[in-house]
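Subject: Structure handover

Hello,

Here is the structure for your files. My notes follow below it.

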Number of protein chains: 2
Amino acid sequence: MSEREPKPKRPPRAVDVAAAAEVSIATVSRAFNSPEKVAPAIRERVLAAAKAMGWMPHAAGSALARRRTSIVGAVIPTLDNEVFAAQVGAMQTAFAERGITLLLSCFNYNRDQAFDDVQAMLARGVEALAIVGEAHRPDLFPSIQARHVPYVVTYSHRPDSPHPCVGFDNRQAFRTITRHLLDLGHEVIGVIVQPTAGNDRVAARLDGVRDALAERGLGIRPQHLCEGEWSIDFGRQSVRAILATEPRPTAVICGNDYLAVGALLEARAMGLAVPGDLSITGFDDIAISRQMDPPLTTMHIDNREIGRRAAGYLLDCLEGGTPSPPPPLPPLEPTLIRRGSTAAPAAGDVASGGIAGQG
Amino acid sequence: MSEREPKPKRPPRAVDVAAAAEVSIATVSRAFNSPEKVAPAIRERVLAAAKAMGWMPHAAGSALARRRTSIVGAVIPTLDNEVFAAQVGAMQTAFAERGITLLLSCFNYNRDQAFDDVQAMLARGVEALAIVGEAHRPDLFPSIQARHVPYVVTYSHRPDSPHPCVGFDNRQAFRTITRHLLDLGHEVIGVIVQPTAGNDRVAARLDGVRDALAERGLGIRPQHLCEGEWSIDFGRQSVRAILATEPRPTAVICGNDYLAVGALLEARAMGLAVPGDLSITGFDDIAISRQMDPPLTTMHIDNREIGRRAAGYLLDCLEGGTPSPPPPLPPLEPTLIRRGSTAAPAAGDVASGGIAGQG
DNA sequence: TTGTACGCGTTATCAT
DNA sequence: ATGATAACGCGTACAA
């Protein structure tokens with residue numbers, strides 16, 4: 001056996017660097033965390049030694065001593081929706097700039113999963129949490145508050161929410177888009193939405209549609225409402241179902257762009273003209289929407305901005321220290337993007353739909 | 001001042017639970033980590049006390065004592081591409097089942113970013129790493145190996161790669177899809193790809209196209225090759241540019257489905273028939289591809305399976321212990337999905353393209 | 001079965 | 001400016 005290191009298996013520790021640089025372990029720590037407090041010559045020596053043996057402070061020990069983990073968590077339904085992927089991407093970027101690591105949970109619209117994931121995150125010592133939506137298990141937010149962990153609810157912004165939230169008013173947004181169709185002259189309108197159960201955003205959207213319809217004395221007929229998974233395929237089958245009913249809608253409002261893309265594709269496949277025979281609206285303004293033929297009328301949501309604001313708010317909480325009460329967050333303003341998929345209904349259709357009122 | 005707890009700010013620790021349950025701190029730990037080693041009655045008492053004060057083992061302390069962090073890292077280019085989002089989602093699920101937390105890095109096709117992210121992950125004590133692609137900074141993999149951290153390269157599978165990888169042979173896959181077009185009778189073929197710089201997968205794909213063309217004595221003419229960001233818009237502008245050249249291609253091969261979707265939409269917008277006037281192929285089989293009109297011929301990649309396999313491999317490394325050399329990983333087989341966007345070229349077009357050979 | 005005591009790797013306080 | 005040393009919160013030999 002030669003003299004060379006028998007098993008360098010174990011990663012180097014601060015003491016090893018200290019020995020190599022012939023300084024104390026405290027100096028090693030300082031050289032990394034407050035370089036200005038150590039003499040340049042020594043600092044160089046330490047840094048060189050560290051680089052030579054590939055040492056870097058181990059986060060676990062560091063977190064313990066510092067009492068800061070520099071970890072925050074993001075809790076979203078799924079990465080399969082471009083909307084949440086964009087939010088997470090923006091948050092990650094914002095946090096990375098401050099040396100904070102983002103922990104991700106995809107709960108797949110399952111409340112228990114979301115709860116468990118949050119507990120795991122708390123155990124990991126997350127210093128803050130961003131959570132999509134507020135329709136969660138009743139014990140979720142209390143479990144976070146009990147630990148005094150700051151949090152935000154994203155993608156939603158009820159005026160009277162008990163939680164700090166960064167997002168927009170889903171209900172108001174759907175009032176806007178519904179009025180757009182009403183102003184064009186539509187009176188019989190179909191609606192395709194995601195499951196409302198356990199999804200506060202979708203419920204709010206549906207309420208918004210009802211609000212706007214009620215203003216004109218109209219309502220949603222049961223046969224004109226389809227509720228199911230947000231997928232292009234569900235959009236397709238739903239529009240087919242809705243168009244088979246009487247009175248036949250001249251427009252369809254979709255709960256998001258995936259559904260609307262499906263509705264648009266299927267309507268065209270059925271030989272219908274869009275918007276001539278049927279107007280279609282979406283929500284979110286995902287990448288594909290403006291590429292469709294005709295391009296989709298939808299509400300644009302700046303999801304990267306939501307991510308940035310959520311991160312900014314949480315960073316304020318962390319850096320502002322405990323005393324300062326978090327500043328209030330203004331809602332984002334979704335903007336109606338009028339594109340080719342909506343227009344006035346054909347004359348005959350309007351007449352036949354004149355008695356669309358339902359309640 | 002009443003007698004109630006002055007400042008319960010600090011989260012409870014194991015000692016607090018121990019005191020409440022009137023046991024030692026060791027028993028608290030055991031009650032959570034090896035329940036069978038503690039008497040049922042005591043166990044209940046401990047668990048109850050813990051639940052009452054909302055205690056759970058703090059990961060940092062636990063990691064330090066155990067010398068295991070139960071964290072692994074995933075390094076991908078971006079979440080904006082459905083392909084990587086699916087991989088990450090699958091990995092996260094697989095790891096979560098084993099109580100392992102997934103740390104995510106999106107390096108945005110920036111090698112330095114990838115390197116820095118990996119260093120940060122190593123500092124966090126990741127026990128394993130999954131990394132998309134192998135075209136990284138030359139010091140990336142050595143820095144991982146130096147720490148004896150097991151890793152896999154995903155989304156790629158060169159037969160002679162020095163790294164364990166889970167993916168498919170990009171070159172072979174593009175040979176297949178190119179031959180598909182050649183067999184249909186196409187001889188003048190345009191190519192639209194992502195940037196090859198710093199992206200081994202794309203370079204391999206381009207090589208695959210060249211391989212298949214060369215088999216028939218053909219090549220890619222410079223004016224028929226567009227390289228740029230993978231986006232629907234770049235697909236659109238590229239197909240327009242390519243179709244303005246002579247000889248005019250009868251088919252276009254795209255480096256991924258986003259580009260192909262753009263090419264398809266633009267070709268139709270230009271009034272061309274697809275596949276009548278132009279055949280188009282994609283790659284990945286993203287969700288929108290089969291929805292297009294005509295649906296896109298593409299190669300199907302099971303990205304969730306890639307994620308699962310990568311996770312499975314890394315779990316084997318972790319649980320198998322140090323001695324066992326990791327088992328070899330077979331490549332996945334992408335499958336050609338023939339849909340409506342490809343067909344034989346029109347007779348006239350074939351004739352005019354007879355001299356497509358270039359070298 | 002339960003308790004004692006030490007170690008995990010780093011940071012921070014306090015001398016020097 | 002630098003060094004010694006006590007936390008930080010938990011797991012686990014080892015002893016009882």
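**Surface near DNA strand C**

The residues of the surface near DNA strand C split into 15 nonpolar, seven polar and six charged. Here Ala, Val, Leu, Ile, Met, Phe, Trp, Tyr, Cys and Pro count as nonpolar, Asp, Glu, Lys and Arg as charged, and the others, Gly among them, as polar.

A word on conventions. This is a predicted model: local features need pLDDT of at least 70, side-chain atom pairs count only at pLDDT 80 or more, and totals for chains, interfaces and linings use all residues. Residues are numbered from 1 along each chain as its sequence is written, chains are lettered from A and ligands numbered from 1 in the order in which they are written, and side-chain values use heavy atoms, with hydrogens and water left out.

One is 2.5 Å from a polar backbone atom of A14(A). One is 2.9 Å from a polar backbone atom of S24(B). One is 3.3 Å from a side-chain N or O atom of R13(A). Helix 2 (25–33) and helix 4 (59–66) of chain A, together with helix 2 (25–33) and helix 4 (59–66) of chain B, each give two or more residues to this surface. Helix 4 of chain A gives the largest share, five residues. Helices (H or I, at least four residues) and strands (E, at least two) are DSSP runs, numbered from the N terminus.

**Between the chains**

The contact (heavy atoms within 4.5 Å) takes 43 residues from chain B and 42 residues from chain A. About 3,800 Å² is buried between them, and carbon and sulfur atoms give 54% of that. Buried area is the accessible area (1.4 Å probe) that two parts lose on being put together, summed over both. In chain B, M56(B), R124(B) and Q291(B) lose the most area to chain A, together 17% of what that side buries.

There are four salt bridges between the chains. A salt bridge is a side-chain nitrogen of Lys or Arg within 4 Å of a carboxyl oxygen of Asp or Glu. D233(A) forms one with R290(B), the closest N and O atoms being 2.5 Å apart.

Best wishes

Technical notes: A polar contact is a pair of N or O atoms within 3.5 Å; within protein, one must be able to donate a hydrogen and the other to accept it, and residues adjacent in sequence count only if both atoms are side-chain atoms.
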